Amino acid sequence: MNIKVNIEKNNKDFQILKDNEVIIKGVKPKWYSQQIRFFYNNRTYEIKKKSFWSSEHIILQSGSLIGSIPFNWKKGHYIELDEQNGVKKQYWLGEKKKGGTFSSDTIYTLLEGGTKSILEIHYSWKKWKEHMEIEILDKNDDSYELLIYALFLMRQKQQAAASATTFVGG
């Protein structure tokens, strides 16, 4: 695993490093929004909400729509990317806890079509800091944009789990 995620400035800026070389730089333009903008291969990518009331996000490449991140009540958020021939590829994020009950170690796996493993995100929380390492399982597909989309889905899952465990009542 030689791909790491470096998060800076109160979770606002991030970098994807491969062998300590910056591959992707990204930013959250506003601290309160879920919008992400990142730069890769001289192109600007953006993930933002479709509308204020929608739970769906859209993916833009240099201003053009290339996919979306819709919400399914049974499985949560997933990625849907448009291909050149009009076919849509779907990616889901699986989650597996590693370690004991109080361990923060989790492995998130990006699955193409729900079956084929593309990459794994090894996530842990140690010494008051997040640690993320990425392992690309499908050597034929080194699409780093997918890595950012998977990180976005990981955050969506973490936020949903945090809000589900909040106790309301008296």
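Tutor: Start with exposure: buried means under 20% relative accessible area, exposed over 50%, and partly exposed in between (1.4 Å probe, protein chains only). The model is predicted, so local features need pLDDT of at least 70 and side-chain atom pairs pLDDT 80 or more, while totals for chains, interfaces and linings use all residues. Residues are numbered from 1 along each chain as its sequence is written, and side-chain values use heavy atoms, leaving out hydrogens and water.

Student: Why is phenylalanine 71 called partly exposed?

Tutor: Its relative accessibility is 32%. That lies between 20% and 50%, so phenylalanine 71 is partly exposed.

Student: What makes tryptophan 73 exposed or buried?

Tutor: Tryptophan 73 has a relative accessible area of 78%. That is over 50%, so tryptophan 73 is exposed.

Student: Why is the pair of phenylalanine 71 and tryptophan 73 called edge-to-face?

Tutor: Rings of Phe, Tyr and Trp (its six-membered ring) pair if their centres lie within 6.5 Å; planes under 30 degrees apart count as stacked, over 60 as edge-to-face and the rest as tilted. Here the centres are 5.0 Å apart and the planes at 85 degrees, so the pair is edge-to-face.

Student: What makes phenylalanine 38 and tyrosine 45 a stacked pair?

Tutor: Their centres are 5.0 Å apart, with 5 degrees between the planes. That angle is under 30 degrees, so the pair is stacked. Phe38 and Tyr45 also form one aromatic cluster with Tyr149.

Student: How do you know that glutamate 112 is buried?

Tutor: Its relative accessible area is 19%. The limit is under 20%, so glutamate 112 is buried.
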